[in-house]
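Please consider the model presented here.

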Amino acid sequence: MAEKGMDLNRFILEEERKHPLATGSLSLALMAIESAAKIIASHVRMAGLADILGQAGKVNVQGEEVQKLDELSNTIMIQHLLDSGQFYALASEELTEPIYSHKGKDAKYVVAFDPLDGSSNIDVNVSIGTIFSIHKRIGDGEENFLQKGSQQIAAGYIIYGSSVMFVLTTGNGVNGFTYDPAVGMFLLSHPDMKIPEKGKIYSINEANTHKWTDENLIKYIDQLKSEGYTSRYIGSMVADVHRTLIKGGMFGYPADKKNTNGKLRLLYEAAPMSFIIEQAGGKATTGKENILDVKPESIHQRVPVFLGSKKEIQQLLEFIG
Ligand code: P6P
């Protein structure tokens, strides 16, 4: 296990050395995401002051066109990922179609990302985050993005909260790095993260109970309440999943009568978060199948999401499986 305090770049290079055939491309890919995250973090921190909030198209006090923070984060991610030359194509929550990279035309990887998930919470200073998922390039078109989550090479998120944390898996466990702005580095603060086998918290938007398509889900939540669980729901996926990873329990965004496939996106929300949770010893399901086994049919496809500690997810499947 890597020692606490190690910086993210050294961690990435140490991981690379464990793979004799590694070319260094994944290392450069992850470092590009890291660089973008540092810049996004600085903008998020200043959001309330720099007049970035509000509608795109406004002019701020400096007379510059105001970009909404999620659009700005998208621009920052695209710029760094393309400049790295390590990605053949990018898919973003903010883009209808993928971007195919000229510089990365011979690159080994593709990446899907949500540049700033939960951005509706920016105005109220709630934690938000960037989520990414890296796959091997397997072809020349959209098929690159229609690979199962179990095929991911790496996945992670950066949570912009009371501290900024970069949580990463490359398929060999989960490690968490906390940003030290004094030195401008992410330092290993949570080595080899493991989700508790069982928690005491359930996280689901109960305002939607009347719209849920499976009444057994209500019975499941009632069962957890009878077992003394408490409810925590932030409404920012990265924050709710991060708490679930650390404290255990379950997080869910089920299908409902309005969103028949749920609200969360498979490629750049559900699959990367499920990879992390399962690498940390937890479980992730749509209620019908393991999220990592879902074969995407479209880039912006939605899926129902239930993820968390083994106990809560196994118990859920006894109710709705
Ligand atoms: P609701 C934020 O808008 C988001 O996409 C996720 O980050 C979050 O988990 C979910 O939507 C919250 O949705 O309908 O409960 O407000």
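Predicted model: local features only at pLDDT ≥ 70, side-chain atom pairs only at ≥ 80, totals over all residues.

The ligand sits in the largest pocket. Around the ligand are Asp117, Gly118, Ser120, Asn205, Tyr233, Gly235, Ser236, Met237, Phe251, Tyr253, Lys263 and Leu264. With Met237, a polar backbone atom is 2.8 Å from a ligand oxygen. Lys263 has a polar side-chain atom 3.0 Å from an oxygen atom of the ligand. On its own the ligand has 400 Å² of accessible area, and the protein covers 80% of it.

Asn205, one of the residues around the ligand, is also in contact with Trp212. Trp212 belongs to the loop between β9 (201-203) and α4 (215-226). Because its relative accessible area is 7%, under the 20% limit, Trp212 counts as buried. Beyond its neighbours within four places in sequence, the contacts of Trp212 include Ile204, Glu206, Leu217, Pro254 and Asp256. Gly262 is 50 residues away from Trp212 along the chain, yet their C-alpha atoms are separated by 9.6 Å.

The second residue is Ser133, which is located in strand β4 (residues 128-136). Is Ser133 buried or exposed? Ser133 is buried, because its relative accessible area of 2% is under 20%. Its side chain is joined to that of Gln152 by a polar contact of 2.8 Å. Leaving aside neighbours within four places in sequence, Ser133 also touches other residues, among them Val110, Ala154, Leu267 and Pro272.

Definitions and conventions. Residues numbered from 1 in each chain as written. Heavy atoms only, no water. Helix = DSSP H or I, 4+ residues; strand = E, 2+ residues; numbered from the N terminus. Buried < 20%, exposed > 50% of the residue type's maximum accessible area, 1.4 Å probe, protein only. Polar contact = N/O pair within 3.5 Å; in protein donor to acceptor, adjacent residues only side chain to side chain. Contact = heavy atoms within 4.5 Å. Near = heavy atom within 4 Å. Areas by Shrake-Rupley, 256 points an atom, 1.4 Å probe, with all protein chains shown as cover. 1 Å grid on protein atoms, 1.4 Å probe; cavity = no way out; pocket = protein on both sides within 12 Å on 5 of 7 lines; lining within 4 Å. Sits in = over half its atoms within 2 Å of the grid points.
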